[in-house]
Amino acid sequence: MTAPTIESILHENRLFQPSSEFSNQAQIKSLQDYEQLYERAKADPVAFWAELAEQELHWFQKWDQVLDWQPPFAKWFVNGKINISYNCLDRHLTTWRRNKAALIWEGEPGDSRTLTYAQLHREVCQFANVLKELGIKKGDVVGIYMPMIPEAAIAMLACARIGAPHTVVFGGFSAEALRDRLNDGKAKLVVTADGGWRKDAIVPLKDQVDKALDDNAAPSVENVLVVQRTHQRIHMEPGRDHWWHDLRQGISSDCPAEPMDSEDMLFILYTSGSTGKPKGVVHSTGGYNLYTHMTTKWIFDLRDTDVYWCTADVGWITGHSYIVYGPLSNGATTLMYEGAPRNSNPGCFWDVIEKYGVNIFYTAPTAIRAFIKMGEHHPKARDLSSLRLLGTVGEPINPEAWMWYYRVIGGERCPIVDTWWQTETGGIMITPLPGAIPTKPGSATRPFPGILADVVDLDGHPVKDNEGGYLVVRHPWPSMMRTVYGDDDRFRRTYWEHIAPIDGQYLYFAGDGARRDDDGYFWVMGRVDDVISVSGHRLGTMEIESALVSHGAVAEAAVVGKPDEIKGEEIVAFVTLESNYSPSEELEKELKKHVVQEIGALARPGQIRFSDALPKTRSGKIMRRLLRSLAAGQEIAGDTSTLEDRSVLDKLREDS
Ligand code: WTA
């Protein structure tokens with residue numbers, strides 16, 4: 001089994017039809033229904049979204065204009081007043097869903113909790129009132145650095161309720177990475193926990209927060225709100241740090257949702273790009289609420305009795321849109337799991353599915369590949385018959401892994417939705433609608449209604465069917481990112497200027513390569529920039545290079561991804577040393593540790609290769625393309641005539 005390659009998916013043409021039993025009960029029941037919906041949305045996207053916004057969401061006040069598009073800046077539902085926490089909670093309380101499970105949580109050492117909509121509402125209101133007591137007002141940014149416990153979602157919803165944009169930082173990031181994000185967002189408060197469980201060990205989250213705030217290194221942060229999870233001893237800084245369980249004593253559970261402007265910022269989420277520091281992707285309220293609501297409803301084909309489980313972490317966009325906001329806005333039962341599969345517990349996912357009778361299961365190809373390796377006797381030993389629908393996200397899925405997922409987990413009865421999207425898009429963009437669109441292993445199939453996706457060349461002209469090109473979107477959509485926090489210019493440069501506007505029409509450039517086949521199916525090939533994906537986690541090679549050169553021994557570093565069976569890609573770093581250092585195993589270890597300290601364990605290089613020099617063009621640019629081939633052990637193909645010094649490459653090849 002290999003990670004997806006263009007060759008392996010070029011020849012894939014098996015077609016899987018949903019069963020008529022599935023289609024008959026589905027939200028969108030046939031290909032014809034999808035096509036009609038798609039054509040209607042394409043003919044008038046503004047009317048399409050306006051109708052759904054009216055039908056599906058609660059507004060305190062209706063908008064005066066559906067879309068204000070000043071390329072590349074979009075505003076949706078201008079002057080509409082809305083609150084996503086109201087849509088996720090309050091509006092269900094007056095229905096039979098009041099006592100339905102909103103959130104089922106399975107904790108790692110075996111504890112669990114279920115919160116009904118009424119209970120979740122109460123928790124969120126109290127949390128919001130505590131935030132207010134700590135001085136948080138509408139517009140103040142709140143950092144959330146949490147394990148996968150209900151309070152992570154509660155904190156997000158509490159922020160949304162009072163109009164304080166949140167910025168969730170994945171708990172696997174280091175203190176340094178956390179500090180950078182808190183500073184960029186000028187966060188006033190951090191919500192964290194004493195620790196979290198991760199793969200049989202405690203992650204000391206609060207210690208990391210202390211480190212991030214040490215020496216007043218994140219001066220905007222005034223308070224830290226700490227949730228007790230693991231009960232180990234932590235430092236509590238007087239005046240700055242507060243226990244959630246203390247402050248909630250006697251706090252009111254009445255906290256009306258603040259009517260927010262549709263365009264008010266809901267959150268910032270940092271993500272990696274090909275240049276510079278991670279970007280703060282800004283999402284706003286109304287459009288994001290509508291788009292995550294509709295995509296959850298139609299793609300996951302929700303029924304009111306379903307238990308829906310997305311295995312992402314809330315620190316990533318998938319957790320935001322498809323654990324918290326999309327499912328709750330629909331009144332679904334969303335499951336949250338603190339653990340992760342590992343060798344010591346290879347059946348843990350299947351246990352959770354069996355225990356709760358999960359109907360819809362959404363995970364990442366890297367997890368599926370890890371399960372294949374662990375052996376199918378683990379899932380086979382559990383009852384997975386409750387499953388009706390499967391999904392994947394985060395990276396291309398190789399047809400072999402798709403087939404395994406279909407056969408072993410789905411029992412050949414569950415459609416698979418392979419969903420292509422990004423932090424920037426806010427919601428799923430290209431995907432099967434499971435009752436309507438037949439699937440092909442490895443293809444994300446067709447765009448969601450209202451999404452005008454295309455594959456073009458660098459001049460913006462559509463390429464022919466089956467030819468590779470750049471994946472773009474032609475028309476604004478409600479949950480598109482609004483800007484890079486504090487940097488409109490970077491937003492414009494990164495997403496809207498790679499491909500020149502034609503006749504004033506701006507194209508959103510996703511950074512992915514793709515091709516479209518004769519049936520109009522999209523096949524996403526992966527990034528065309530210097531972004532790599534390790535176990536579905538998105539990392540910029542530049543970030544890792546900057547971390548390496550911040551170490552005194554390193555003169556220069558170039559980082560590339562190498563195909564990996566399970567993780568998709570592995571990080572390989574080519575490093576040249578300062579003259580007073582020489583390569584050694586200890587130094588290799590130390591450099592790996594240094595990267596973990598600077599960014600987090602997710603960025604630990606798999607290999608560090610020392611070299612006297614790096615292959616560069618005459619103008620001094622490192623030729624990463626060559627390093628990628630070297631790392632993968634492939635022949636160096638293509639043009640090497642721009643190399644400044646060919647012997648550098650020969651030497652590297654000899655050493656490998
Ligand atoms: C990749 C995750 C192929 C892609 C939601 C994209 C995918 C990046 C798929 C965004 C898929 C995501 N097939 N590639 N189904 N889903 N990607 O921002 O390269 O963490 O640009 O968002 O993941 O990663 P991000």
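Modeller: A polar contact is a pair of N or O atoms within 3.5 Å. With that cut-off in mind, we may read the ligand site of this predicted model.

Colleague: How far does a polar side-chain atom of Thr 423 lie from an oxygen atom of the ligand?

Modeller: The distance is 2.5 Å for Thr 423. Arg 538 also places a polar side-chain atom 2.6 Å from a ligand oxygen. Thr 419 uses its backbone instead: an N or O atom there lies 2.8 Å from a nitrogen atom of the ligand.

Colleague: How much of the ligand's accessible area does the protein cover?

Modeller: On its own the ligand has 530 Å² of accessible area, and the protein covers 92% of that.

Colleague: Which residues around the ligand come nearest?

Modeller: There are 16 residues around the ligand, and the nearest are Asp 418, Thr 419, Thr 423, Asp 512 and Arg 538. Sorted by class, the shell holds 6 nonpolar, 5 polar and 5 charged residues.

Colleague: Which helix and strands each supply at least two residues of that shell?

Modeller: They are helix 12 (317-329), strand 20 (416-419) and strand 25 (522-527).

Colleague: Which residues is Gln 597 in contact with, leaving aside neighbours within four places in sequence?

Modeller: Those partners are Ser 174 and Glu 176. By comparison, the C-alpha atom of Ile 428, 169 residues away along the chain, is separated from that of Gln 597 by 33 Å.

Methods:
Residues are numbered from 1 along each chain as its sequence is written. This is a predicted model: local features need pLDDT of at least 70, side-chain atom pairs count only at pLDDT 80 or more; totals for chains, interfaces and linings use all residues. Side-chain values use heavy atoms; hydrogens and water are left out. Contact means heavy atoms within 4.5 Å. A residue is near a molecule or strand if one of its heavy atoms lies within 4 Å of it. A polar contact is a pair of N or O atoms within 3.5 Å; within protein, one must be able to donate a hydrogen and the other to accept it, and residues adjacent in sequence count only if both atoms are side-chain atoms. Accessible areas come from the Shrake-Rupley method with a 1.4 Å probe; for residues, only the protein chains shown count as cover. Helices (H or I, at least four residues) and strands (E, at least two) are DSSP runs, numbered from the N terminus. Ala, Val, Leu, Ile, Met, Phe, Trp, Tyr, Cys and Pro count as nonpolar, Asp, Glu, Lys and Arg as charged, and the others, Gly among them, as polar.
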